[in-house]
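Biologist: Please take me through this model one feature at a time. Define each term as it comes up.

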Amino acid sequence: MSARRRPPARRRPPARRRPSARRVASRPRKKKQRHPAAVLIPVALALWMVGRLLDWVAAHPWVVVVALALAVTGGVLWYRHRAAQFLRERESARALRYPVEQLDLLHHRAFEHAVRDLMFRDGCTDAVQVGGAGDHGADVKATDPYGRRWVIQCKHRKAGSAGAAVGTPDLHVLNGTGRPVHRGDVVVLVTNGRFSGPALEFARSQRLHLVDRATLTAWAGGGRPLWELLRAVPPPRGPGPLS
């Protein structure tokens, strides 16, 4: 008798791999759609409340009159407060004096703020310190009472006049940006130190104004504005503060 042949063994189907956690996490989740009622009900409620408020105001018109009166009164009081505060600041600024020895002790950033305060003292109500990264050569900007735009770069020396002289490289930066970039009418470099000979020549040729230690002493320690201490300042753009 022939041996019976065994039927071939059935192959099991390969087990399905479970999706990895990464694949599951990367699948976009379906956004839940809001029911239209969830949007319409709050809108309708808001419109109903506005309508009720308008009906109440129409029935009580005196409320509008009182509200307007309070708003006008508050505005007038706020304006008077701001005007009085501005006058106090102006009076305090007019008395500002800096001995040059005090300026020597300042940090270079505080020196820039001192120059800004002196410009404000002289009547430049928009004087602002802008020195820092990306200042393009300007540390202080201001508009004087005659409409002239001032662009000022500050160079502080801890040793005063004994420190390194301010040279032409600093003036090159200021000359390249003072008028084309900052639109300055008066372009100035202020230092509590001194300037080199080539810097003085370059400033004269390019119509740049230099404030050395002697001029700074007269300006910061006295009451005269800077434009009265400098030569060849451009003429006023406007009539001035007293006209």
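Modeller: Helices (H or I, at least four residues) and strands (E, at least two) are DSSP runs, numbered from the N terminus. This is a predicted model in which local features need pLDDT of at least 70 and side-chain atom pairs count only at pLDDT 80 or more, while totals for chains, interfaces and linings use all residues. Residues are numbered from 1 along each chain as its sequence is written, and side-chain values use heavy atoms, with hydrogens and water left out.

Biologist: What pattern does the chain follow, read along the sequence?

Modeller: The chain has eight helices and five strands. Read along the sequence, they follow the pattern α-α-α-α-α-β-β-β-α-β-α-β-α.

Biologist: What share of the residues in the chain is buried?

Modeller: Buried means under 20% relative accessible area, exposed over 50% and partly exposed in between, with a 1.4 Å probe and protein chains only. Of the 243 residues in the chain, the buried share is 31%.

Biologist: What share of the contacts in the chain with a separation of 6 or more comes from residues 24 or more positions apart?

Modeller: A contact means heavy atoms within 4.5 Å. Among contacts with a separation of 6 or more, residues 24 or more positions apart account for 59%.

Biologist: Why do the buried residues of α7 line one face of the helix?

Modeller: In α7, which spans residues 197-206, the buried residues are Ala-199, Phe-202 and Ala-203. Seen down the helix axis, these buried residues line one face because they fall within an arc of 100°. That arc is taken over the directions from the helix axis to the C-beta atoms.

Biologist: Which exposed residues are carried by the face of α7 turned away from its buried side?

Modeller: The buried residues of α7 are covered by parts that include α6 (168-177) and β5 (209-211). The face turned away from that buried side carries the exposed residues Pro-198 and Arg-204.

Biologist: Which residues are closest to the centre of the largest pocket?

Modeller: On a 1 Å grid over the protein atoms alone, a pocket is an open set of points where a 1.4 Å probe fits, with protein on both sides within 12 Å along at least five of seven lines; lining residues have an atom within 4 Å of a point. The largest pocket has a volume of about 460 Å³, where volume is the space filled by probe spheres set on the points, and points are joined across faces, edges and corners. α7 gives the most to its lining, with three residues. Of the 17 lining residues, the closest to the centre are Arg-204, Leu-208, His-209, Leu-210 and Arg-231.

Biologist: Which residues do ring pairs link into a cluster?

Modeller: Rings of Phe, Tyr and Trp (its six-membered ring) pair if their centres lie within 6.5 Å; planes under 30 degrees apart count as stacked, over 60 as edge-to-face and the rest as tilted. The structure holds two such pairs: the rings of Tyr-146 and Trp-227 have centres 6.4 Å apart and planes at 85°, so that pair is edge-to-face. Together, the ring pairs form a cluster of Tyr-146, Trp-150 and Trp-227.

Biologist: Is Tyr-146 buried, partly exposed or exposed?

Modeller: Trp-150 and Trp-227 are both buried. Tyr-146 has 26% relative accessibility, so it counts as partly exposed.

Biologist: Where is Arg-183, which has a positive phi?

Modeller: Phi of Arg-183 is near 60°, and the residue is not a glycine. Arg-183 counts as exposed because its relative accessibility is 63%. Its place is in the loop between α6 and β4.
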